[in-house]
Amino acid sequence: MTTSDRFFSLRDIGIFFYLVPFRMAASVLPIGATRFLGLLMGYIYSALAYKRKRRIQQRLRTALGNSTTNDEIRELSRRCLLNAVACHVDALILNRIGTKELLGNGKVSGLEHFKNALLRGKGVLLVTGHFTGIKMVSRFLHESGYPHFGIVKRHADDPGASWIENRYLSQYWAKVIDRTGHAPVFVEDKDVGLRIMKRLRENGIVIIFIDVPFSQHLLTRPFLGAEQAFPVGFLRIVYATGAAVVPMVGIGNSSAFTICFEEAVNLREAAGKDEFVAKKNIDILVKILESQILREPSHWLLI
Amino acid sequence: MSIEDVKDRIVEVMIRELELTINPDDVHGTGRLDDMFGMDSIAITELIIGIEKEFNIKIPAEDLTVEIFQDLETLTEYVKKRLHDETTMYIEGQDKTQC
């Protein structure tokens, strides 16, 4: 976990409000009322978080280049914040929505790619980034009878967070929000490799988020106009097990979402595992992630 | 195959698959596998595949547990048992075919 110079920040109040009174209200209020309150919160956050918005605009400018106008960048940054808040509000009501209603609100494309990859019988790694609809993906897979888990970090690693957020709020957040429903597997756990292997051996599914450098094995690659470290440990597992790698993106929330499975990636063969990882294979996946983000930049939560 | 032979071959697999630059005698039976020579959780998966190839066995999903992959001793005992079980299954299959 990182430490911050700041003991406390205004963001801590917002997070506390979300985690305690708003979460309690969301458990008793009608779902529509919670969504409406969430929308209001989104507009308030969008108006107040000008520093965050400025950072997003800089990132978008670097990623999109000069072909995008300033007005478009401003609008995109506003939508980024609104979508992020909507995503967090949705996490509070998701378990109250019935399967039939929820799946009726979504569109799933490319399911044949996913099913074809499963037919190979060596398990599937769904490779994606932190998009707004990731909880919908998890719920969709669960309700459709596909055993899966995602690999996540136990602790938030936000250098901009205050000491209070890192020490208390992020852990409480993980406990009451992220760990409800379908329990993830933590990258810090010593048996993470065994659990991945076990799931793949059962021809199950493991979701890998490649937009955060959570692994001990990292490679820095060009990404959205800058340089970023990417986890590559999972490619060593692919090399060892022959599991299929299927890019996937899920965007939206429980009121309207889309999930898109892409064709399984034909990774380049190599004589050894190091070559397999380095021989453009991580570049192939980074390019796919880039194209997913550029299609829907306002739905990428880590912008 | 004796238990010592199994252990020696597992150590050979570790060194080969994980590209370790160590002397086989440095590998002690009761040290935790995930702490050994900087081995991480991903390396364990490579070790599993290496062992399967070396001994021509298949480790079923239900056996991929921390208890079995705890240290070299537990892993050796497991592989020895697995070799025995698979040989028994093969002989039983042959007997049924002959009947």
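Colleague: In what kind of crossing does α1(B) pass α2(B)?

Modeller: α1(B) passes α2(B) in a right-handed crossing. A crossing is right-handed if the near helix is turned clockwise from the far one by less than a right angle, and left-handed if anticlockwise. This is a predicted model, where local features need pLDDT of at least 70 and side-chain atom pairs count only at pLDDT 80 or more, while totals for chains, interfaces and linings use all residues. Residues are numbered from 1 along each chain as its sequence is written, chains are lettered from A and ligands numbered from 1 in the order in which they are written, and side-chain values use heavy atoms, without hydrogens and water.

Colleague: At what angle do helix α1 and helix α2 of chain B pack?

Modeller: Two packed helices are described by the angle between their axes and the distance between the axes. In chain B, helix α1 (residues 3-17) and helix α2 (residues 41-55) pack at about 130°, with axes 9 Å apart. That makes α1(B) oblique to α2(B). Oblique covers what is left after under 35 degrees (roughly parallel), over 145 (roughly antiparallel) and 65 to 115 (roughly perpendicular).

Colleague: Which residues of α1(B) meet α2(B)?

Modeller: Contact means heavy atoms within 4.5 Å. From α1(B) come B:V6, B:R9, B:I10, B:V13, B:M14, B:R16 and B:E17. They meet B:E46, B:L47, B:G50, B:I51, B:E54 and B:F55 in α2(B). By class, this contact has 7 nonpolar, 1 polar and 5 charged residues.

Colleague: Which residues touch the most other members of the largest nonpolar core?

Modeller: A nonpolar core joins buried Ala, Val, Leu, Ile, Met, Phe, Trp, Tyr and Cys residues through side-chain atoms within 4.5 Å. The largest one has 46 residues, and A:I151 and A:F234 touch the most other members. Helix α12 (residues 281-295) of chain A gives the largest share, 6 residues. A second, separate core has 32 residues, including B:I15 and B:M36.

Colleague: What is A:F234 in contact with, leaving aside its neighbours within four places in sequence?

Modeller: A:L125, A:V127, A:I208, A:I210, A:I282, A:L285 and B:I42.

Colleague: Is A:S215 buried or exposed?

Modeller: Buried means under 20% relative accessible area, exposed over 50%, partly exposed in between (1.4 Å probe, protein chains only). A:S215 has 13%, which means buried. A:S215 lies in the loop between β5 (205-209) and β6 (218-223) of chain A. Not counting residues up to four places away in sequence, A:S215 touches A:P231, A:V232 and A:G233.

Colleague: Where is A:R199?

Modeller: A:R199 is in helix α9 (residues 192-201) of chain A. A:R199 is buried too, with a relative accessible area of 18%.

Note on methods
Helices (H or I, at least four residues) and strands (E, at least two) are DSSP runs, numbered from the N terminus. Axes are lines fitted to C-alpha atoms, for helices over the stretch in contact, and angles run from 0 to 180 degrees between N-to-C directions. Ala, Val, Leu, Ile, Met, Phe, Trp, Tyr, Cys and Pro count as nonpolar, Asp, Glu, Lys and Arg as charged, and the others, Gly among them, as polar.
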